[in-house]
Amino acid sequence: LEVPKHRRNQPQSSITAAETTQLRSLVGALQYAAVHTRPDLSAKVGEIQSCVPKATVSDLISANKVLHEAKVNKVSLMTVPIAPSQVTFCAFSDASFLSGKEKFAHQGGLIFATTPELLENRKTVVAPVAWISKKIHRVTRSPLGAEAIALSGTVDRLLWIRLLWEWLQLKSNGETLRKS
């Protein structure tokens, strides 16, 4: 986004309608990358996204910094050598309490495929499968409450992914699910 020098000198001033359109376009492009291949950008893109309705010039500058970071730090995708019988899933979640300009709690979660060696605290392969970074849309009264909400959502996603993996294993072995 082009931000002229005279606008940079007024970081707290509101942005124009044209700048809002450009910001929404940039956020959309960054959001697509964050959702599909760039978990490292998720939190920053989410923060910019929440600023769009009341954006200031400093938010335009922040968006440009995130775009620059995305371009400079390219991601390489590779196939991870985990035998299907060895696939184990692991999840991490985290939350922040009353963060950002609007003072919302935020949550993040990461689910990855790995091998049983992780359970033994040994070096092993990890491959991100799913990730999330977003505002918690419920009232949270404590940091522990925010952590509980983040953990609950991450565990739900983990259980769904494990179920999907088992279903794929059944299908690849030619088995079918029986109705009870």
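**Close-up views of a predicted model**

**Figure 1. Thr 20 lies in helix H2, which spans residues 17-36.** The model shown here and in the other views is predicted. Thr 20 counts as buried because its relative accessible area is 19%, and buried means under 20%. Apart from neighbours within four places in sequence, the residues in contact with Thr 20 are Ile 15 and Val 52.

**Figure 2. The largest pocket holds about 380 Å³ of space.** A total of 22 residues line this pocket, and those closest to its centre are Ala 43, Gln 107, Gly 108, Ile 132 and Ser 133. Two or more lining residues come from each of helix H3 (42-51), strand S1 (88-99), strand S2 (104-114) and strand S3 (127-135).

**Figure 3. The lining of the largest pocket includes nonpolar, polar and charged residues.** Strand S1 provides the largest share of this lining, with six residues. By residue class, the lining comprises eight nonpolar, 11 polar and three charged residues.

**Figure 4. Cys 51 is a buried cysteine.** The relative accessible area of Cys 51 is 15%, so this residue falls within the buried class, which is under 20%.

**Figure 5. Cys 90 is likewise buried.** Its relative accessible area is 18%, and Cys 90 is therefore also placed under the 20% limit for buried residues. A disulfide is a covalent bond between the sulfur atoms of two cysteines. A search of the whole structure for such bonds finds zero disulfides.

Terms used: Residues are numbered from 1 along each chain as its sequence is written. This is a predicted model: local features need pLDDT of at least 70, side-chain atom pairs count only at pLDDT 80 or more; totals for chains, interfaces and linings use all residues. Side-chain values use heavy atoms; hydrogens and water are left out. A disulfide is a pair of cysteine sulfur atoms within 2.5 Å. Buried means under 20% relative accessible area, exposed over 50%, partly exposed in between (1.4 Å probe, protein chains only). On a 1 Å grid over the protein atoms alone, a cavity is a set of points where a 1.4 Å probe fits but cannot get out, and a pocket is an open set with protein on both sides within 12 Å along at least five of seven lines; lining residues have an atom within 4 Å of a point. Grid points are joined across faces, edges and corners, and a volume is the space filled by probe spheres set on the points. Helices (H or I, at least four residues) and strands (E, at least two) are DSSP runs, numbered from the N terminus. Ala, Val, Leu, Ile, Met, Phe, Trp, Tyr, Cys and Pro count as nonpolar, Asp, Glu, Lys and Arg as charged, and the others, Gly among them, as polar. Contact means heavy atoms within 4.5 Å.
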